[in-house]
Amino acid sequence: MVSLDISHTRHRAPRQEAPAPQPGARRPIPARKAAGRRPSGPVVPQSVKGRFRRIKWTTLALCLAIYGLLPFLRWTRGPGEPDQAVLFDFVKGRLYFFFVEIWPQELYYVTGLLVLASVFLIFLNAVAGRVWCGFLCPQTVWTDLFLAVERLVEGDRRDRLRKREAGLTPRRVAELGVKHAIWLAIAIWTGAGLVLYFGDAPQTLREFATGEASLLAYSWVGIIAALTYTLAGFAREQVCTWMCPWPRLQGAIWDPEALTVNYRDYRGEPRGSAKKAAELRAAGEPAGDCVDCLQCVNVCPIGIDIREGPNFACINCGLCVDACDSVMTKLGRPTGLIAYESWRNIERGRSREPQARRVIRPKTVGLAAALVVLSGGMGAVLASRTMGGLTVLHDRNPVAVRLSGGAVRNGYMLRILNKEGRLRSFAVRIAGIAEAKAAVVGPEPVVVDGDSTAEVRVTVTAPAGSEGALRFSVVDRETGAAYAADDVFLPAP
Ligand code: SF4
Ligand code: SF4
């Protein structure tokens, strides 16, 4: 029996307690309370300003704009073809993405894309931990949006905590009503926005506006809206901590050289008040930069005290960096007490070794190479993609027939795939066996409608004793494009 234990917990240096507070001095608020959690309540994060918050606002706006506007982007594909740039056409069984059109039998492209996305996520993790989660994950984007609404209606953290404790008043009920109404409107927009990717967006929107959309469309809007409302409005950090599998995996692939958000405890400890720290420094004694203001905890959307050490639930959003930087700036101390820093550098800092940024290392180089190879491979496969195809099925019984003149005949079923929107006519050719002759059973040339497949029966007759590999090809009579498939010619028993 083999057992495996994985511990994701990294320990910070033992906290060096500041001197005991003077009688009457204000006690630090416990972190749990500071994060605004009631025993069973959600995190109530405080707003913060800074460069990472600005980046988050920018990515939020970009993500929402792309999500909402992409279905309306047009892409000309020719007559009879949909002109929506990104479209999941379940009726026809097609996936359109700009110039790419995926048929059901080509779903390996989607598999390749998922593999590429996974490798990209692992690469990002090796460079900067859960930075995807902190800036681009839909859960983060929508939760940020819902929190912005909550802040707008109910006020910042202090107001929200006070109002929650105060109980219900008519004004409070009105506030809650407004907040939930806006949340619901966003959730419905999210649901409707997703449905627009599954049909012609302007037409679907018109149908929604006039109440003529299908029951299925309304049902999907309802399902996605309910999910958005629940996950972004109520589950929030619980999704990032408990429901998403990524933090679990994160524990297993944690990289101490990755630039994750960390607290430079060797610089921050012993923590204490700014006044006390100034006195200690004036007396030539060591004093940490952390003034235990708990701003980093208060702004954290997950409710983490990053000073306790790396935490698997941390989404690397950098808001605590912004909070602490602004405190340090006000105190006239250097910023970067909390920063995107590798855990190795924290350890180096503790032992006063020189710091080293190792973004380029075997792991990141290997993952970058894997990304390049995968992208190149997918690009090559896409570039060599044809607009048609051919499959051949040999008759099972009988596999060969001896004709009265002694010649042998084999029968085949050809399936011709036409991925173009126009009707195409094909000539059937064979090669591989000298003197073999093919005959199409039915009209010739073989006509295949646009965006469809056609089956045609073909017989091949060859002199007695003929046997071996046979190559079938169908040639577009207009463009000369040819699609081939191999089979065999069998002798009569
Ligand atoms: S914001 Fe900075 S100074 Fe304030 S508690 Fe956090 S680490 Fe310490
Ligand atoms: S600890 Fe800092 S980086 Fe991590 S989730 Fe909280 S605010 Fe974001």
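Start by selecting helix H5 (residues 138-154) and helix H7 (residues 170-195): their axes come within 10 Å and cross at roughly 155 degrees. Keep in mind as you click around that this is a predicted model. Angles over 145 degrees count as roughly antiparallel, so H5 and H7 are roughly antiparallel to each other. The crossing of these two helices is right-handed.

Now show the side chains where they touch. On the H5 side, pick Trp142, Leu145, Phe146, Val149, Glu150, Val153 and Glu154. Their partners in H7 include Trp183, Ile186, Trp189 and Thr190, along with Arg172 and Lys179. Color the contact between H5 and H7 by residue class and you get 11 nonpolar, 1 polar and 5 charged residues.

**Next stop: the ligands**

Jump to ligand 1, which has 13 residues around it. The closest are Cys290, Cys293, Leu294, Cys296 and Cys324. Two elements each give two or more residues to this shell: helix H14 (295-298) and helix H15 (319-331). By class, the shell of ligand 1 holds 10 nonpolar, 1 polar and 2 charged residues.

Then move over to ligand 2. Select Val261, Cys300, Pro301, Ile302, Ile306, Cys314, Ile315, Asn316, Cys317, Gly318 and Cys320 to bring up the residues around it. What does the class coloring give here? The shell around ligand 2 has 9 nonpolar and 2 polar residues, with no charged ones.

**Last stop: the sheet**

Switch to cartoon view and find the open sheet, where 4 strands line up in the order S11-S9-S13-S14 with antiparallel pairing. At its edges are strand S11 (446-448) and strand S14 (482-489), each pairing on one side only. On average, neighbouring strands in this sheet are turned by 30 degrees against each other, ignoring direction.

- S11 to S9: strand S9 (residues 424-431) pairs with S11 over 3 bridges. Pick serine 425 and you'll find valine 447 of S11 opposite.
- S9 to S13: strand S13 (residues 468-476) and S9 pair over 6 bridges. Here isoleucine 430 stands opposite phenylalanine 472 in S13.
- S13 to S14: this antiparallel pair is joined by 8 bridges. Look for leucine 470 opposite aspartate 487 in S14.

Finish at the turn between S13 and S14. These two strands form a hairpin with 5 residues between them. Click glycine 480 in that turn: its phi is positive, at about 85 degrees.

How values were computed: Residues are numbered from 1 along each chain as its sequence is written. Chains are lettered from A and ligands numbered from 1 in the order in which they are written. This is a predicted model: local features need pLDDT of at least 70, side-chain atom pairs count only at pLDDT 80 or more; totals for chains, interfaces and linings use all residues. Side-chain values use heavy atoms; hydrogens and water are left out. Two strands pair if DSSP finds at least two bridges between them. Axes are lines fitted to C-alpha atoms, for helices over the stretch in contact, and angles run from 0 to 180 degrees between N-to-C directions. Angles under 35 degrees count as roughly parallel, over 145 as roughly antiparallel, 65 to 115 as roughly perpendicular and the rest as oblique. A crossing is left-handed if the near helix is turned anticlockwise from the far one by less than a right angle, and right-handed if clockwise. Contact means heavy atoms within 4.5 Å. Ala, Val, Leu, Ile, Met, Phe, Trp, Tyr, Cys and Pro count as nonpolar, Asp, Glu, Lys and Arg as charged, and the others, Gly among them, as polar. A residue is near a molecule or strand if one of its heavy atoms lies within 4 Å of it.
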